[in-house]
Amino acid sequence: ENVEAVLKLADFYNMQDIINEAEEFLLITCDWSKRALSEVAEKYRLKKLKKHCVEDLGCASKADKEKTAK
């Protein structure tokens, strides 16, 4: 919750360094669901986080396909 409040303020005041730090926090230590992370990435235009979420979804999708193929 706090990181999203920080992102909101940093986005409003165009504080890119703070946005980058928040994005790194979300990438490394956050335990939010992939859906929540994806929504935040989209809302605040966090490219690294969005890429991370898409890659994770791709891996999950591939694993699901492999399970159903067996």
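Helices here are DSSP runs of H or I, at least four residues long, numbered from the N terminus.

A note on what I am reading: this is a predicted model, with local features needing pLDDT of at least 70, side-chain atom pairs counting only at pLDDT 80 or more, and totals for chains, interfaces and linings using all residues. Residues are numbered from 1 along each chain as its sequence is written, and side-chain values use heavy atoms, leaving out hydrogens and water.

Next I looked up the overall layout. I found four helices and zero strands, in the order α-α-α-α. Buried residues (under 20% relative accessible area, with exposed meaning over 50%; 1.4 Å probe, protein chains only) make up 21% of the 70 residues.

Back to α1, residues 2-12: which of its residues are buried? I noted V3, L7 and A10. They lie on the same side of α1 because they cover an arc of only 70° around the axis, taken from the directions from the helix axis to the C-beta atoms. The face turned away from them carries the exposed N2, K8, L9 and F12. The buried residues of α1 pack against α2 (16-28) and α3 (34-43).

Of its 14 residues, L7, L26, L37, V40, L46 and L49 touch the most other members. α1, α2, α3 and α4 (47-69) each supply at least two.

Last, I checked L37: leaving aside neighbours within four places in sequence, L37 is in contact (heavy atoms within 4.5 Å) with L26, C30, W32, L49 and C53.

Note on methods: A nonpolar core is a set of buried Ala, Val, Leu, Ile, Met, Phe, Trp, Tyr and Cys residues joined through side-chain atoms within 4.5 Å.
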